[in-house]
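Dear colleague,

Please find below the structure I am handing over to you, together with its sequence. My notes on it follow directly after.

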Amino acid sequence: MHVSERFRKLRERAGLSRDTLAKELGYTVGSSIQRYETPELFKAQAFKPELVRKLRKVLVGRGDPEITDSEVIALGQIPGEELPTIPPPPNALPPQTVDASGWQRIPIFGQAVGGADGRFELNGNFIDSIFAPPSLSSVKNAYAVMIVGESMEPRYIAGETVYVHPHVPVRAGDYVVLQIKDNKTDDLHGYVKRFKSLTKDKLTVTQLNPQKSLTFPRDSVESIHRIVFSGSTMTAI
């Protein structure tokens, strides 16, 4: 997806008109940012750091789901390259040194292979281990999954890590990792989706991009685990 389209989607998700966003960015009229939303007018593959810094102040925390800092920073990323290093706002707290010596490491399971509806392999194969967020540091069998593809944008973006608590109840509206068994081959496939309902006959979930519902037979559902945290991979500093 072109950076202009991603920018437009973030503005709309934030509930801002072009004129309102332009004024909050310090411009006079909406036409000042129109070119950034039009691929035919904006030919670059990424926004300049100066614009991204302004957008972080205006967009982060708005919308439903709330726009994350990483989503806005990604507007300055050229496809195939690492995310740019963008200085924090002037009023940001200085970086804190974290003693991770006592933190628990949890595994990342599954290997992304692509596929329809954001499917990936999730059959217990170990990829790596990472530091768990504090809320999962003492949870037995907690694990993480790396987001692949665009089926859950804008809530989760490719490359983001989601952290899973396998023991808490799942409610309608929760984002979850599913394990679905192929009844013909017994292979397990994973999906990152939003839980809607579970009846005696079927499981219903939704995805965001494109928006649609997915259903699976109840007897093919191996597990439904709630995502409790997301973000960049937790590493020691």
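At 5% relative accessibility, E37 counts as buried, because the limit for that class is under 20%. Please bear in mind throughout that this is a predicted model.

I begin with the charged pairs. Side chains of opposite charge can pair when their charged atoms come close. In the whole structure, the search returned seven salt bridges. One of them joins the side chains of E37 and R11, with an N to O distance of 2.3 Å. E37 sits in the loop between helix 3 (31-34) and helix 4 (49-59), while R11 belongs to helix 1 (residues 3-13), so this pair ties together parts that are 26 residues apart in sequence. R11 counts as buried because its relative accessibility is 9%. The pair also belongs to a network of salt bridges in which R11, R18 and E37 are linked.

A further site of interest is D174. Which residues form salt bridges with D174? One is R171, whose side chain meets that of D174 at 3.7 Å, N to O. Another is R226, where the closest N and O atoms are 3.4 Å apart. Is D174 buried or exposed? D174 counts as buried because its relative accessibility is 11%, and R226 is buried too.

Turning to helix 4, its buried residues are L51, V52, L55, R56, V58 and L59. An α-helix has 3.6 residues a turn, so residues three or four places apart point the same way. The buried residues of helix 4 pack against helix 1, helix 2 (18-24) and helix 5 (69-73). Just after helix 4 comes G61, which takes a positive phi of about 95 degrees.

Finally, I would draw your attention to R13, which is found in helix 1. With a relative accessibility of 13%, R13 counts as buried. Setting aside residues up to four places away in sequence, R13 touches G63, D64, P65, E66, I67, E71 and P154.

With kind regards

Key: Residues are numbered from 1 along each chain as its sequence is written. This is a predicted model: local features need pLDDT of at least 70, side-chain atom pairs count only at pLDDT 80 or more; totals for chains, interfaces and linings use all residues. Side-chain values use heavy atoms; hydrogens and water are left out. A salt bridge is a side-chain nitrogen of Lys or Arg within 4 Å of a carboxyl oxygen of Asp or Glu. Helices (H or I, at least four residues) and strands (E, at least two) are DSSP runs, numbered from the N terminus. Buried means under 20% relative accessible area, exposed over 50%, partly exposed in between (1.4 Å probe, protein chains only). Contact means heavy atoms within 4.5 Å.
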